Amino acid sequence: QVHLVESGGGLVQAGGSLRLSCVASGNIFSINVMSWYRQAPGKQRERVATITSDGSTNYGDSVKGRFTISRDNAKNTGYLQMDSLKPEDTAVYYCNAVIQTSSHMEYNYWGQGTQVTVSS
């Protein structure tokens, strides 16, 4: 069994910053792709950023230049640094990871989400 736990959400004023963390634990052989998604009330879940095992990154158009995704493979942890936050960034942020277990099977896992609220 694998678990993803996010932390770091909260309330921040527009223009401020937050850093989200996602810790993976359990039966982990390797973490392949890690991504952050978000879902605002009444909207579909959207992909925010992705980082591969070799460190390649990709961002959604709405966050390019403001958000930075990173990972620490030794700690099985991913991060999302969010700068220049805007009220429209308000959403529940979810960590997603494609993880290879000790049986060398790949599975897709989700965290429980962390609320980010940006006030104007």
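A nonpolar core is a set of buried Ala, Val, Leu, Ile, Met, Phe, Trp, Tyr and Cys residues joined through side-chain atoms within 4.5 Å. Buried means under 20% relative accessible area, exposed means over 50%, and partly exposed lies in between (1.4 Å probe, protein chains only). This is a predicted model, in which local features need pLDDT of at least 70 and side-chain atom pairs count only at pLDDT 80 or more, while totals for chains, interfaces and linings use all residues. Residues are numbered from 1 along each chain as its sequence is written, and side-chain values use heavy atoms, with hydrogens and water left out.

## The core

In soluble globular proteins, nonpolar side chains tend to be buried together. Here the largest nonpolar core has 30 residues. W36, L80, M82, Y93 and I99 touch the most other members. Strands (E, at least two residues) are DSSP runs, as are helices (H or I, at least four), and they are numbered from the N terminus. Those that each supply at least two core residues include β1 (2-7), β3 (18-26), β4 (30-39) and β5 (46-51). β9 gives the most, with five residues.

How do β9 and β10 pair? Strand β9 covers residues 91-100 and strand β10 covers residues 106-110; they run in the antiparallel sense over five bridges. Two strands pair if DSSP finds at least two bridges between them. A97 stands opposite Y109 in β10. The two strands form a hairpin with five residues between them.

H104 lies in this loop between β9 and β10. Its phi is positive, about 65 degrees, although H104 is not a glycine. H104 is partly exposed, with a relative accessible area of 46%. S84 also has a positive phi, near 50 degrees, and is likewise a residue other than glycine. S84 lies in the loop between β8 and β9. At 41% relative accessibility, S84 counts as partly exposed.

Y94 is found in strand β9. Is Y94 buried or exposed? Y94 counts as buried because its relative accessibility is 15%. Contact means heavy atoms within 4.5 Å. Leaving aside neighbours within four places in sequence, Y94 is in contact with several residues, among them E6, S35, W36, R45 and W110. The C-alpha atoms of Y94 and L20 are separated by 9.7 Å, and these residues are 74 apart along the chain.

R45 lies over the face of Y94, at 3.8 Å from the ring centre. The charged end of R45 also sits over the ring of W110, 4.7 Å from its centre. A charge sits over a ring if NZ of Lys or CZ of Arg is within 6 Å of the ring centre and within 35 degrees of the ring normal.

## A network of charges

Side chains of opposite charge can pair when their charged atoms come close. A salt bridge is a side-chain nitrogen of Lys or Arg within 4 Å of a carboxyl oxygen of Asp or Glu. The structure holds four salt bridges. Among them are these:

| Pair | N to O distance |
|---|---|
| R38 and E46 | 2.6 Å |
| R38 and D89 | 2.9 Å |
| D89 and R66 | 2.7 Å |

R38, E46, R66 and D89 are linked in a network of salt bridges. Which parts of the chain do R38 and D89 tie together? R38 lies in strand β4 and D89 in the loop between β8 and β9, so the pair ties together parts that are 51 residues apart in sequence. The pair of D89 and R66 also links distant parts of the chain, 23 residues apart. R66 sits in the loop between β6 (57-59) and β7.

How open are these residues? D89 is buried, with a relative accessible area of 0%. R38 is buried at 5%, and R66 is buried at 11%. E46 counts as partly exposed because its relative accessibility is 33%.

## H3 in strand β1

H3 has its place in strand β1. H3 is partly exposed, with a relative accessible area of 45%. Leaving aside neighbours within four places in sequence, H3 is in contact with V23, A24 and S25. The C-alpha atoms of H3 and N73 are separated by 16 Å, and the two residues are 70 apart along the chain.
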